[in-house]
Amino acid sequence: MSVLIAVTALPCGLLIGLLLGALGGGGSVLAVPALVYLLGQSPHAATAGALVVVAVGAVSGLVCHARAGRVRWVAGAAFGALGTAGSFTGSRWSASVNPGVLMAAFSGLMLVVAVGMVMRGNRGDRDGRRAAAEETGAVAPAAGAAGPVRPAEPERSRRPERSERSERPEGPERPQERATWAVSLWDAVRTSSGRRTAARASRGSGAGSHRTRPLRTVVTASAVGLLTGFFGVGGGFVVVPALTLVLGLEMPVAVGTSLLVILINSGAALATRAGTGSLDWPLLATLAACAAAGSSLGNRLAGRLRPQTLTTSFAALVTVLALAMAATTLPSL
């Protein structure tokens, strides 16, 4: 590895890690363009080498999420294991595709990532404004939220009732009183049942109520592995929604668990490609180390800048790179 390439790898790795730490994903999609256009790697070698950067980034992020308890090890390991067949197939398929076709397809993938990041950023911004408005009382709470608490009944209005009950003579209950108490008991039971039904309905509308369907889980995991093996990307923009919709994980848990899935898929794809060509390990080690360092800086940057600003900037950068790649590769096809 020459000194010029090593110097070029430093800012590339820092930028990739910076985006990974600040946005929680998506930065690894820049590894392939950086390896091809800045570091002189072939498309096939770049998609294989990017898996090393993806794996290192997944490990560093997985440690942080595991400490916070946001990783479901069994579910993530099972989902990742089901995707290894897709990773193997995608790696073999990518090795046989024309380099120009591979880069053209990758530019299309980058456009999809940019659109997905913008949509996710807009949705998060709307949710943040909604939550802030609910806290200030500007809007009514969303459906399923706890309603306003009724003020406690004044003590004076309850005292006469207690005194009247205490003055009642002890003895057999009259039929009218038993009927009144029976109606009150029925109302209490019906109200409690209605609350349990509403709670089940509110849980049913959330992500955690989805019943796992084996066939859909296998198909989704295989598709995620195929994407990782073919393009050499982590695929967090696909894994997180898949874990939310298919396995019913909540969003923070899905983000942490997705790193375990990405690590398994990228490891399987890298093992498949290990004997298909030579990898520049010093270059990849430098790039991965810089990405790990940039990830810690990105975590600090995320708390100082608006997420919408980071997401929009990243989407604009990815869009420009995707259009430049398409303009370079499509005419040659």
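**Figure 1. Cysteines in the predicted model.** A disulfide is a pair of cysteine sulfur atoms within 2.5 Å. This model is predicted, and a search of the whole structure turns up zero disulfides. Cys-12 is in no disulfide, and the nearest cysteine sulfur, that of Cys-290, is 9.2 Å away. Cys-290 is likewise in no disulfide, with the sulfur of Cys-12 as its nearest at 9.2 Å. Cys-12 counts as buried, since its relative accessibility is 10%. Cys-290 also has 10% relative accessibility, so this cysteine counts as buried.

**Figure 2. The whole fold.** The protein has 13 helices and zero strands. Read from the N terminus, the elements run α-α-α-α-α-α-α-α-α-α-α-α-α. Of the 333 residues, 37% count as buried. The protein exposes about 18600 Å². Carbon and sulfur atoms supply 64% of that area. Among contacts with a separation of 6 or more, 80% come from residues 24 or more positions apart.

**Figure 3. Helix H9 against helix H11.** H9 spans residues 214-231 and H11 spans residues 251-273. The two pack at an angle of about 45 degrees, and their axes are 9 Å apart. H9 and H11 are therefore oblique to each other. Their crossing is right-handed. From H9, the contact uses Val-224, Gly-225, Thr-228, Gly-229 and Phe-230. From H11, the partners are Asn-265, Ser-266, Ala-269 and Arg-273.

**Figure 4. Helix H9 against helix H10.** Here the angle is about 175 degrees, with the axes 10 Å apart. That makes H9 roughly antiparallel to H10. On the H9 side, Arg-216, Thr-217, Thr-220, Val-224 and Leu-227 take part. They meet Phe-237, Val-238, Val-239, Ala-242, Leu-245 and Val-246 of H10. Val-224 of H9 also belongs to the contact with H11.

**Figure 5. The buried residues of helix H10.** H10 covers residues 236-246. Its buried residues are Val-239, Val-240, Ala-242, Leu-243, Thr-244 and Val-246. Their cover includes helix H4 (73-82), H9 and H11. Just after H10, Gly-248 takes a positive phi of about 75 degrees.

**Figure 6. Close-up of Thr-228.** Thr-228 is found in helix H9. At 0% relative accessibility, Thr-228 counts as buried. Setting aside residues up to four places away in sequence, Thr-228 touches Leu-51, Val-233, Gly-234, Asn-265 and Ser-266. Asn-265 and Ser-266 are among the H11 residues that make the contact with H9.

**Figure 7. Close-up of Ala-269.** Ala-269 lies in helix H11. Its relative accessible area is 0%, so Ala-269 is buried. Beyond its neighbours within four places in sequence, Ala-269 is in contact with Leu-51, Ser-87, Ser-91 and Gly-229. Gly-229 is one of the H9 residues in the contact with H11. Leu-51 and Ala-269 are 218 residues apart along the chain. Their C-alpha atoms are separated by 7.6 Å. Leu-51 also touches Thr-228.

Methods
Residues are numbered from 1 along each chain as its sequence is written. This is a predicted model: local features need pLDDT of at least 70, side-chain atom pairs count only at pLDDT 80 or more; totals for chains, interfaces and linings use all residues. Side-chain values use heavy atoms; hydrogens and water are left out. Buried means under 20% relative accessible area, exposed over 50%, partly exposed in between (1.4 Å probe, protein chains only). Helices (H or I, at least four residues) and strands (E, at least two) are DSSP runs, numbered from the N terminus. Contact means heavy atoms within 4.5 Å. Accessible areas come from the Shrake-Rupley method with a 1.4 Å probe; for residues, only the protein chains shown count as cover. Axes are lines fitted to C-alpha atoms, for helices over the stretch in contact, and angles run from 0 to 180 degrees between N-to-C directions. Angles under 35 degrees count as roughly parallel, over 145 as roughly antiparallel, 65 to 115 as roughly perpendicular and the rest as oblique. A crossing is left-handed if the near helix is turned anticlockwise from the far one by less than a right angle, and right-handed if clockwise.
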